[in-house]
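Here is a report on side-chain contacts.

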Amino acid sequence: MWFRTSAILNNAMLYLKSLNIPRLLNLLKLVCGFILSRIVGKPLCIAHPFALSVEPSGHCQLKCPECPTGAAVLSRKKGNMNIDLFNKIINETEKYIIYLNLYFQGEPLLHPQIEEFIEKAKKNRIYTTISTNAQLLDQQMCRKLIASGLSRIVISLDGFSQGIYETYRRGGKVETVKNGIIMLIQARKESGTFFPIIVVQVLAFDHNKHEIPAIREWCKEVGVDKLEIKTAQMNEFGDGTVQPAREKSRYQNSPKKKYTVPGRPYNHCWRQWSSAVITWNGLMVPCCYDKNAEYILGNASSSTFSDNIKKPESYIFKQTILSNRKGIEMCRNCPEGRNWFWG
């Protein structure tokens, strides 16, 4: 829920600033290519993705039980993206990219040059967003993020008291998050700007749902722009200590599996046309559900972005999506493509 109409308008203005004729034409071609691909049953890649997720860091200091990084189940290496690689990616995509996520499986604020990443995207008029656990959101970091021109920041606050918060955010301090939010709001006010748009996100679990009203009132009181109550993604590797709130769950009960996404997985996925994900070491993967980089479609370090999206690996993966999406394991836990028409 948005708390201020002005924040909605400011956010819309940031999006509009990222638009130009070439990007809009690319987006139109992208939509047409997706629709035609569904009609003919073969992937037609006649445009570039308009959204991109880049992983600045594969590290995280918390031990969240349903996160593959926090639960230490990822087999791929961890590290920080080289700034030169990031600049290469932006230089190759700035004609098409409208929206940039600066996070994937790690904590982006752990990258010592995160503000340089944001500044590079800002110079190319790209809407930028990061999602953070806010454990490093001190006064210096707040000033850096504001000066860099960050468009939006999503801050995880999965509890209002320490005991509830650390049930999921293991190793984190809830007061650090609250103080970070207040410092960011104050620093933004002192800078005389309206960005970044400040969003507080709560994963809805059984153990924290009773504190959500308190979080809502606190966010409204201190000046947060928006509060998002998000469904929690559950995984087979989870230790069972947390359960999604029934009132806010993406799953249904199933005799075969503990967690089952309801609805039929139709043979389409807009994400495969609209966006791309690049890990900290340059591996291009299909989407944010390929957390362990099992499906490598290209490498941003050794090939151009345009070449990567045209590689046989990318074509084969899209063809599988169009013919047998339910045969891809990671797609079974994804709510995308559960509607025949589009999403």
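Is Asp206 buried, partly exposed or exposed? Asp206 is partly exposed, with a relative accessible area of 34%. Here buried means under 20% relative accessible area, exposed means over 50%, and partly exposed lies in between (1.4 Å probe, protein chains only).

## Model and conventions

This is a predicted model: local features need pLDDT of at least 70, side-chain atom pairs count only at pLDDT 80 or more, and totals for chains, interfaces and linings use all residues. Residues are numbered from 1 along each chain as its sequence is written, and side-chain values use heavy atoms, with hydrogens and water left out.

## Salt bridges

Side chains of opposite charge can pair when their charged atoms come close. The structure holds 11 salt bridges. Each is a side-chain nitrogen of Lys or Arg within 4 Å of a carboxyl oxygen of Asp or Glu. Glu55 pairs with Arg76, with the closest N and O atoms 3.0 Å apart. This bridge links distant parts of the chain: both Glu55 and Arg76 lie in the loop between strand S1 (51–54) and helix H3 (83–93), 21 residues apart. Helices (H or I, at least four residues) and strands (E, at least two) are DSSP runs, numbered from the N terminus. Glu55 and Arg76 are both buried.

Arg169 bridges to Asp158, and here the closest N and O atoms are 2.6 Å apart. Arg169 sits in the loop between helix H6 (162–168) and helix H7 (174–191), while Asp158 sits in the loop between strand S4 (152–156) and H6. The two are 11 residues apart. Arg169 counts as buried because its relative accessibility is 12%. Asp158 is buried at 0%.

Asp206 has a partner too: Lys209, at 3.5 Å between the closest N and O atoms. Lys209 is partly exposed, with a relative accessible area of 33%. Elsewhere, salt bridges that share partners join Arg4, Arg188 and Asp225 into one network.

## Cysteines

A disulfide is a covalent bond between the sulfur atoms of two cysteines. The cut-off is a pair of cysteine sulfur atoms within 2.5 Å. By this rule the count is zero. For Cys60, the nearest cysteine sulfur is that of Cys64, 6.1 Å away. Cys60 is partly exposed at 26% relative accessible area. For Cys142, the nearest is that of Cys219, 15 Å away. Cys142 is buried, at 0%.

## Aromatic rings

The whole structure has 11 aromatic pairs. Rings of Phe, Tyr and Trp (its six-membered ring) pair if their centres lie within 6.5 Å; planes under 30 degrees apart count as stacked, over 60 as edge-to-face and the rest as tilted. Phe34 and Trp273 are edge-to-face, at 5.4 Å centre to centre and 65 degrees between the planes. Phe34 is in helix H2 (residues 21–40) and Trp273 in helix H9 (residues 271–274), 239 residues apart. Phe34 is buried at 0%, and Trp273 counts as buried at 4%. Ring pairs link Phe34, Phe50, Trp270 and Trp273 into a cluster.

Phe160 and Trp218 have ring centres 6.2 Å apart and planes at 65 degrees, so this pair is edge-to-face. Phe160 lies in the loop between S4 and H6, and Trp218 in helix H8 (residues 212–222). Phe160 is partly exposed at 23%, whereas Trp218 is buried at 12%.

## Charges over rings

A charge sits over a ring if NZ of Lys or CZ of Arg is within 6 Å of the ring centre and within 35 degrees of the ring normal. The charged end of Lys178 sits over the ring of Phe160, 3.5 Å from its centre. The charged end of Lys291 sits over the ring of Tyr289, at 5.4 Å.
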